[in-house]
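Subject: Handing over a structure, with notes

Dear colleague,

I am passing on the structure below, together with some notes on what was found in it. Please keep the sequence at hand while you read.

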Amino acid sequence: MRRFLFPLVIFIVLVVFLAAGLRLNPREVPSPLIGKQVPTFRLAQLHAGDKFISAEDMRGKVWLLNVWASWCVSCRQEHPVLIDLQKQNKIAIIGLNYKDERAAAMTWLTQHGGDPYLVSAVDADGRVGIDFGVYGVPETFLIDKNGVIRYKHIGPVTAEALKTKILPLAEELARG
Amino acid sequence: MVDRMMGCVAAAQKLCEAVSPGGTVPALRRFLVVVLLVLGMQPAIAAEGMAQPVGDPLVEARVNKLAEELRCLTCMGQSIADSQSSFSTDMKREIRAMIVAGKNDKEIMEFMVQRYGDFVLYRPPVKSTTWVLWGGPFLFLILSLVFLMLKLRKRRGQNATELTASEHQQAVELLGKREVDRP
């Protein structure tokens with residue numbers, strides 16, 4: 001009986017490790033930017049090409065930076081969630097229109113239920129995206145009053161993620 | 001690139017429709033046509049993703065050397081050098097720009113790590129969060145050797161039972177009365 005105990009223990013440990021490995025999403029890479037200052041950027045606005053938006057403009061506010069594009073399929077999934085969030089008027093959402101065309105982006109917004117963004121910044125060549133460590137769209141960053149990145153959500157924002165993580169943290173940051 | 005591929009699939013399906021309206025082409029054959037046409041488009045699809053080479057071969061060699069060391073985060077198990085995804089194309093463009101701007105390899109790698117973390121490196125540095133990764137296999141090797149040694153020692157102990165005088169006598173007889181050393 002004891003002869004089998006040791007292999008059995010090894011087997012169970014192996015199963016636990018493999019099971020944990022299966023649950024991990026290999027696409028969710030922890031961002032080294034959490035706890036760091038938001039990268040500086042100054043980009044043209046989507047709806048007013050002669051005006052600019054920078055991270056400095058949002059100083060003193062807790063805000064979300066949502067990376068999106070008209071070519072991004074899963075952005076369609078999160079779009080209603082963002083519109084819903086904007087209607088609640090709890091937090092400002094800035095869009096980063098990543099590697100997109102201006103006309104296509106604007107059409108996409110009207111076709112998919114409206115514009116949840118306070119302003120969208122145009123990052124046509126994706127350079128600002130690289131500064132944010134963007135590798136998949138959509139990605140969403142929660143940034144505090146001092147311009148420090150506090151949380152990163154990879155993939156489409158869900159109502160669940162907003163309720164359990166993003167909004168509670170945002171409220172805490174707004175108070176503090 | 002995916003769009004292009006979907007375009008191919010759609011075109012192939014249209015072709016099937018044209019050849020046999022109303023879908024009388026059996027599903028399997030239809031599927032084969034789609035597969036063959038998409039495969040036929042591979043070189044075109046690949047060429048589209050290629051980074052545009054810049055004149056200087058020295059710069060390109062450095063771009064490639066650095067790109068080999070970096071993981072493509074959107075494609076599993078490929079380096080940036082191997083991949084032609086839009087992410088890797090952008091990364092190669094950034095690396096090329098930094099080389100042209102006179103940055104050294106270390107600065108370029110730091111640029112990547114600051115944005116994408118140690119995970120982007122195929123050879124992450126040894127530190128508190130990565131020692132298990134580096135030391136783990138050796139730890140396992142040492143543990144297994146210790147285990148093996150303990151097991152072997154135990155076995156040797158079990159086998160080395162002392163012979164009684166009569167048993168020894170019996171052994172001598174069986175071995176043909178040759179001189180046998182007493183233990």
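Read along the sequence, chain A follows the pattern α-β-β-β-α-β-α-β-α-β-β-α, which amounts to five helices and seven strands; helices (H or I, at least four residues) and strands (E, at least two) are DSSP runs, numbered from the N terminus. This is a predicted model, in which local features need pLDDT of at least 70 and side-chain atom pairs count only at pLDDT 80 or more, while totals for chains, interfaces and linings use all residues. Residues are numbered from 1 along each chain as its sequence is written, and chains are lettered from A and ligands numbered from 1 in the order in which they are written.

As for confidence, the model scores ipTM 0.79 and pTM 0.69. Chain B averages a pLDDT of 78, with 66% of the residues scoring at least 70, where pLDDT is the predictor's confidence in each residue, from 0 to 100. Within chain B, confidence is lowest in helix α3 (residues 42-49), at a mean of 50, and highest in α6(B), at 93.

In chain A, five strands form an open sheet of mixed pairing in the order β5-β4-β3-β6-β7; two strands pair if DSSP finds at least two bridges between them. At the edges stand β5 (119-123) and β7 (149-154) of chain A, each with a single partner strand, so one side of each is left without a neighbour in the sheet. Strand β4 (residues 92-98) of chain A runs parallel to β5(A) and is joined to it by five bridges, with A:Asn97 opposite A:Val122.

Strand β6 (residues 139-143) of chain A is largely enclosed by the rest of the structure, because five of its five residues are buried. A residue is buried if 20 or more other C-beta atoms lie within 10 Å of its own, exposed if 12 or fewer, and partly exposed in between, with C-beta atoms placed from the backbone. The burial covers both faces of β6(A), with A:Glu139, A:Phe141 and A:Ile143 on one side and A:Thr140 and A:Leu142 on the other. β6(A) pairs with β3(A) in the antiparallel sense over five bridges, and A:Thr140 is the bridge partner of A:Asn66. β6(A) and β7(A) also pair in the antiparallel sense over five bridges, and in their hairpin, which has five residues between the strands, A:Gly147 takes a positive phi near 80°.

The largest nonpolar core has 58 residues, of which A:Trp63, A:Leu64, A:Ile94, A:Val137 and A:Ile143 touch the most other members; such a core is a set of buried Ala, Val, Leu, Ile, Met, Phe, Trp, Tyr and Cys residues joined through C-beta atoms within 7 Å. Strand β3 (residues 63-68) of chain A gives the most to this core, with five residues.

Helix α2 (residues 73-88) of chain A has a kink of about 35° at A:His79, shortly before the proline A:Pro80, the bend being the angle between axes fitted to the seven residues ending there and the seven starting there. In α2(A), A:Cys75, A:Glu78, A:His79, A:Leu82 and A:Leu85 are buried, and the buried residues of this helix pack against β3, β4 and α5 (159-175) of chain A.

Finally, B:Arg123 lies in the loop between α6 (105-116) and α7 (131-159) of chain B, and B:Arg123 counts as exposed because it has 8 C-beta neighbours inside 10 Å.

With best wishes

Technical notes
Two residues are in contact if their C-beta atoms, placed from the backbone, lie within 7 Å.
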